[in-house]
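Please read them with the sequence and the model in view.

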Amino acid sequence: MPVYEKMRTLLIAGNIIHADESVLQVLHEAGRKSTTDSRMWVYCNGKMNDRSVIIFEYQQTRGGIYPARFLKGFTGFLICDGYDAYNSVTGTKRCGCWTHTRRYFVEALPKDKSAYSTSVAAKAVNFCDRIYHEEGLLAELTAEERYKQRLVKVKTLLDAFFSWLNAQNISGKGKLAKAVGYALNEKKYLYTFLDDGNVPIDNNRAENSIRPFAVGRKN
């Protein structure tokens, strides 16, 4: 516990926290069936930090009370997916994840690649790839230089993407409608990384940390 508490103190004192959660089933847990879904939450600091802190917290549900309680006192940038539970965390600057946004459009791609030329999903993926390309070119810059260049090069692409997306007339409950809805709902959070050159464009750090639990579940 002293080590755990020290790690949490360092994490909360920082300026960037990634958060994510994954389904977990526990055998022989008192009062619960082994098929009952629980959650493993993960919290970690930014990948540009020189001291890596990654903390896992097991909880029986996916309620917003848990990130709100764990992150109490944190006032920096919170990078997460579009799960509404993170709205219960107050006092932070919430950042969206461009990997999640792109993934939904990838899942909506037509099976026939010859249809990509007229596919809204394919054009959205291309937009995301261009955004990532420009972001990748800034990897070796200082945080201040990256901040300035993002406003010149990356923000322009974000503006173009959402301007184009708003012009699309997509309805229904299909994968494409879900992808478009997710992107538009997360729009204000998908811009937040532009506020600080140290804030990454996605939540891959947390996703990579929680992945062993997902892989184990699938196995």
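How are helix 3 and helix 6 oriented to each other: roughly parallel or roughly antiparallel? The answer is in point 2, after a word on the model.

1. Basis of the note. This is a predicted model, in which local features need pLDDT of at least 70, side-chain atom pairs count only at pLDDT 80 or more, and totals for chains, interfaces and linings use all residues. Residues are numbered from 1 along each chain as its sequence is written, and side-chain values use heavy atoms, with hydrogens and water left out. Helices (H or I, at least four residues) and strands (E, at least two) are DSSP runs, numbered from the N terminus.

2. Helix 3 and helix 6. Two packed helices are described by the angle between their axes and the distance between the axes. The axes are lines fitted to C-alpha atoms, for helices over the stretch in contact, and angles run from 0 to 180 degrees between N-to-C directions. For helix 3 and helix 6 the angle is about 165° and the axes are 8 Å apart. The two helices are therefore roughly antiparallel to each other. That word applies to angles over 145 degrees; under 35 counts as roughly parallel, 65 to 115 as roughly perpendicular and the rest as oblique. Their crossing is left-handed, a term used if the near helix is turned anticlockwise from the far one by less than a right angle, with right-handed used if clockwise. H100, T101, Y104, F105 and E107 on the helix 3 side meet K175, L176, K178, A179, V180, Y182 and A183 on the helix 6 side, where contact means heavy atoms within 4.5 Å.

3. T101. This residue is in helix 3. T101 counts as buried because its relative accessibility is 0%; buried means under 20% relative accessible area, exposed over 50%, and partly exposed in between (1.4 Å probe, protein chains only). Not counting residues up to four places away in sequence, T101 touches Y182, A183 and L190. From T101 to V180 there are 79 residues in sequence and 8.7 Å in space, C-alpha to C-alpha. The side chain of T101 also reaches the backbone oxygen of C97 at 3.1 Å. Such a polar contact is a pair of N or O atoms within 3.5 Å; within protein, one must be able to donate a hydrogen and the other to accept it, and residues adjacent in sequence count only if both atoms are side-chain atoms.

4. Helix 6. The buried residues here are A177, A179, V180, Y182 and A183. Their cover includes helix 3, helix 5 and helix 7 (187-190).

5. Helix 4 by itself. Helix 4 covers residues 120-136, 17 residues in all, and reaches 24 Å from its first C-alpha to its last, close to the 24 Å expected at 1.5 Å a residue. The expected span is 1.5 Å times one less than the number of residues. S119 caps the N-terminal end of helix 4, with a side-chain oxygen 3.2 Å from the backbone nitrogen of A121. V120, A121, A122, A124, V125, F127, C128, I131 and E135 are buried in helix 4. These buried residues pack against helix 3 (98-107), helix 5 (143-166) and helix 6 (175-185).

6. Helix 4 against helix 3. Here the packing angle is about 155°, and the axes are 8 Å apart. Helix 3 and helix 4 are therefore roughly antiparallel to each other. Helix 3 contributes W98, T99, R102, F105 and V106 to the contact, and helix 4 contributes A121, A124, V125, C128, D129, I131 and Y132.

7. Helix 4 against helix 5. The axes of helix 4 and helix 5 come within 10 Å and cross at roughly 175°. This pair is therefore also roughly antiparallel. On the helix 4 side the contact includes K123, R130 and E134, and on the helix 5 side it includes R146, R150 and W164.

8. Two buried residues elsewhere. E207 is in helix 8 (residues 204-218) and is buried, with a relative accessible area of 10%. Beyond four places in sequence, E207 touches D20, H100 and R103. N45 is in strand 2 and is buried, with a relative accessible area of 6%. Leaving aside neighbours within four places in sequence, N45 is in contact with L11, I16, H18, R51, S52, V53 and R205.

9. H28. This residue is in the loop between strand 1 (16-24) and strand 2 (38-45). H28 counts as exposed because its relative accessibility is 80%. Its phi is near 60°, a positive value in a residue other than glycine.
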